[in-house]
Amino acid sequence: MPLQKDEAIVLTKKAYGESDRIVRLFTLSGGKITAIAKGGSKSQKRFMNTLEPFNHIRIEYFKKQTKTMARIENADIIESNSGIELNLKRICTASFFVEFADKLTKEGERNIELFNGLKGILDDVKNIEFTSSDIVFYLLRILGCLGFMPNFNTCVQCGRDVPDEDKVFFSRERGGILCPVCSQAIPFKSYPRGIIRGLSSFVRGDRCNGDLDFLTYAQDIMEGFISFHLDVEIKSYKLLKNLI
Amino acid sequence: MYYPEPIENLIINLMKLPGIGRKTATRLAFFLLNSDESYISELSRSLTDIKDKIRLCSVCYNLTEKDPCQICSDERRDRDTLCVVEEPSHMMVIEASYPNRYRYHILHGVINPLDGIGPDDIHINELKLRIEKENIKEIIVATNPNIEGNTTAHYISEILKGSQVRITRIAFGIPIGGDIIYTDSQTIKSSIENRKDL
């Protein structure tokens, strides 16, 4: 295999042996890859400060088809993670989105939209402190990139459009809203009027700073949906939840 | 190929050590099998001793045989300054450069949300209590200059805001013997920002 050049976001790092480092990267052209950097923990020439989580880097790597792991030859920083470390909430927010993307993608699946989405989030985290509303907004955006967006517009059972005033029944199992008729046959959780409509406007890209009630219910919907459908434990969310 | 059960068990247990595969474990097992009885007794005693005798110092959380540890009991050391490090091995490196100068506080980790490690999982709250109790004037935060180490340093400075203690961070810059050509922009920026008068 020839040497490949790509841009990547560093998702995780792990020390391996005396001086090597195994990293998981989300690359622009090749999706998620796991790669080893020989001397990655010590080399001051090739990898100094580059293979750190949340860095946006330029890499050169080899990947043999018979091997599961790529081998990084060189890495340079395009945009460093500087600014994320300034407080606990920022690093927890960045960790949450990076971990989410890491756990919900398969190796080698190219997803440019997700790459750009993740990059945008990391750039924003460096400059602003995310509110709960921002976190829900971006989470929906990432779910959209991954193809897991809950349905907030039509009934997931009969497919009919549900008017805004009737958007109160959410089926975690079916991954979307139910119309009043279908809600009689399918398990659901009901939410006050305006909550699902608010989430629906987030999906359209309208950002609003919802009140505390809205955010509590929105978090409940998202947590239920993610834990049922995606079945992954996001370690950083436990910490983030205490801070938002 | 299967070896007699005791040898097989030894191989399996040696394979649990980091960086040891089956081949190396087999070689080590046969080395032990052919070793003197006295060496085997010494080795097995050393292994049980590290579990039986080693504990954490109740003051600084260093690994020690007696509590408080030798460093905390040493009256010659600076009583106003505390050096905060991630691991006991990091303390040893600083101790080698400044023998008998500082006292330490070992966090046993750094804040790392990706691994689910938050401030309550390391000895940060104990640090705060210790600073108040021992009337510390300065803490030197000597965590690694990476994202986790820097976050931990910022968190420490945040929780100690308002206290009288001076909080300092080890300097970042080009290493002695390093080469500017190979230095990343973040390190260059840091070394320019933290430049010294000649």
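This is a predicted model: local features need pLDDT of at least 70, side-chain atom pairs count only at pLDDT 80 or more; totals for chains, interfaces and linings use all residues.
Contact means that heavy atoms lie within 4.5 Å of each other.

Residues are numbered from 1 along each chain as its sequence is written, chains are lettered from A and ligands numbered from 1 in the order in which they are written, and side-chain values use heavy atoms, with hydrogens and water left out.

**View 1. B:Thr151 touches residues of chain A and chain B.** B:Thr151 sits in helix H7 of chain B, residues 147–159. Helices (H or I, at least four residues) and strands (E, at least two) are DSSP runs, numbered from the N terminus. B:Thr151 has a relative accessible area of 1%, so this residue is buried. Buried means under 20% relative accessible area, exposed over 50%, and partly exposed in between (1.4 Å probe, protein chains only). Not counting residues up to four places away in sequence, B:Thr151 touches A:Glu85, A:Ile91 and B:Ile111. A polar atom of the B:Thr151 side chain lies 2.6 Å from the backbone oxygen of B:Ile147.

**View 2. B:Thr187 meets A:Met48 and A:Asn49.** Helix H8 of chain B, residues 185–193, holds B:Thr187. B:Thr187 counts as buried because its relative accessibility is 12%. Its contacts also include B:Gly173 and B:Ile174, leaving aside neighbours within four places in sequence.

**View 3. B:Arg195 is exposed.** B:Arg195 is found in the segment after H8 of chain B. The relative accessible area of B:Arg195 is 65%. Its side chain reaches the backbone oxygen of B:Ile192 at 3.0 Å. B:Ala171 is 24 residues away along the chain, and the C-alpha atoms of B:Arg195 and B:Ala171 are separated by 9.8 Å.

**View 4. Chain A and chain B bury area between them.** The size of an interface is often given as the accessible area lost when the parts come together. Buried area is the accessible area (1.4 Å probe) that two parts lose on being put together, summed over both. Here the two chains bury about 2100 Å², 66% of it on carbon and sulfur atoms. In chain A, A:Met48, A:Glu85 and A:Leu88 lose the most area to chain B, together 27% of what that side buries. In all, 26 residues of chain A are in contact with 21 residues of chain B.

**View 5. A:Lys13 forms a salt bridge with B:Glu148.** A salt bridge is a side-chain nitrogen of Lys or Arg within 4 Å of a carboxyl oxygen of Asp or Glu. The closest N and O atoms of A:Lys13 and B:Glu148 are 3.1 Å apart. The count between chain A and chain B is one salt bridge. On the side of chain A that touches chain B, strand E1 (4–16), helix H1 (88–103) and helix H6 (235–243) each give two or more residues. H1 of chain A gives the most, with six residues.

How values were computed
A polar contact is a pair of N or O atoms within 3.5 Å; within protein, one must be able to donate a hydrogen and the other to accept it, and residues adjacent in sequence count only if both atoms are side-chain atoms.
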